[in-house]
Amino acid sequence: MTARYTRFPALLSDAGAADMIRLCERFGSYGMYGQKPIEEELGHGLYQRHDAAMNYIRTGGRFGRRESFEQAAVRTNYFRETYAYDRPVVDGIEGFLWHEGFLDAARDTFDCPVIEPAIVYANLLVPGQELAVHTDVPEFRGANRTKDPEWLLVVMHHSGLFARWRIPIATGVSWFHGCRGGDFAFYPDGPGGRPTTVPAAHNTAIVLDTDSVFHGVDRVAEGPSPLPPLRIGMRLTYEGGEHWHVGAGDERVASYPWDDLRFSVSWKAYCFPDEASRRIAREHTDDLTRDEIMSALLADLRLRGRLGDTVPNGTDLALLLIDEYIRFPAPAA
């Protein structure tokens with residue numbers, strides 16, 4: 001079944017779209033999205049999104065490009081900051097958080113009338129960067145990214161074993177300022193279907209279930225200079241006028257005009273079929289535990305013939321779960 005999605009050819013008024021650009025500039029500085037390895041036993045040493053990272057390195061991404069591990073890491077380690085988390089954390093984001101068009105599209109995506117906007121964050125990609133094909137991190141009653149590995153939550157959703165506890169999340173992706181390249185690619189007919197691409201055009205948007213629909217960002221057009229040696233701790237900082245730079249402290253490794261950057265703002269909202277369902281989630285009266293999650297997954301692996309009497313150690317088990325349940329789209333021919 002084709003996934004539902006809603007496109008917005010003009011999301012905000014001209015003045016509202018200009019305000020989003022000014023908000024981005026006013027926020028001023030954006031840190032890298034790079035993550036630290038997992039420290040708990042389950043998946044120890046892996047990254048939170050080990051599934052997407054390893055698929056990108058193994059396959060070369062949507063177009064099967066072959067590069068070194070170091071170059072691939074630089075290409076996908078973009079810049080992100082949060083504008084709202086349960087409530088606005090920057091002035092001027094309130095109207096975007098409660099955008100009526102997004103609310104209506106979220107209701108249509110899941111046939112859920114009760115919508116609870118929760119998160120707004122900004123992503124900025126410099127020339128040469130892209131976003132590996134992936135599905136977003138879902139949430140379940142009793143299991144979320146504040147206490148569980150992100151790859152495990154993705155496995156849970158793709159396994160289909162925990163649908164009763166899932167809290168559907170609608171995602172709106174919007175673009176401002178425009179750029180060359182950086183198309184949003186998604187697979188509404190599933191990982192075996194053909195991708196659909198949407199240009200990152202100024203003041204446009206799309207709403208869909210990104211926890212279920214594979215998606216990514218095609219490479220932002222590069223200029224004559226290659227990607228600089230980005231590393232964790234560097235920031236993308238607005239200098240004023242039309243200029244940004246990347247660096248750490250007084251060190252600068254690259255400078256960019258606004259027109260070369262890809263600026264997107266993502267909106268996420270919880271979707272409930274009724275108030276009773278929202279109350280169950282908020283009061284934690286039907287939550288999963290980690291033991292219940294692992295018992296269900298191990299039992300299913302045995303039914304599939306992938307597991308015997310001996311359970312692998314934490315990291316090997318994590319790799320087995322990722323390999324068994326997450327099926328990525330193949331690269332384009």
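Modeller: The chain has nine helices and 14 strands, where helices (H or I, at least four residues) and strands (E, at least two) are DSSP runs numbered from the N terminus. This is a predicted model, in which local features need pLDDT of at least 70, side-chain atom pairs count only at pLDDT 80 or more, and totals for chains, interfaces and linings use all residues. Residues are numbered from 1 along each chain as its sequence is written, and side-chain values use heavy atoms, with hydrogens and water left out.

Biologist: How much of the chain is buried?

Modeller: Of its 333 residues, 53% count as buried, meaning under 20% relative accessible area with a 1.4 Å probe and protein chains only.

Biologist: And strand β14, how many of its residues are buried?

Modeller: In β14, which spans residues 262–272, eleven of eleven residues are buried. Phe-263, Val-265, Trp-267, Ala-269 and Cys-271 point one way, while Arg-262, Ser-264, Ser-266, Lys-268, Tyr-270 and Phe-272 point the other way.

Biologist: Which strands are joined to β14 by bridges?

Modeller: Strand β4 (residues 114–125) runs antiparallel to β14 and is joined to it by eleven bridges, with Pro-117 having Ala-269 as its bridge partner. Strand β6 (residues 169–176) is also antiparallel to β14, through eight bridges, and there Ile-169 stands opposite Tyr-270. Two strands pair if DSSP finds at least two bridges between them.

Biologist: Changing topic, what box do the C-alpha atoms fill?

Modeller: Taken along the principal axes, the box is roughly 60 × 45 × 40 Å.

How values were computed. Buried < 20%, exposed > 50% of the residue type's maximum accessible area, 1.4 Å probe, protein only.
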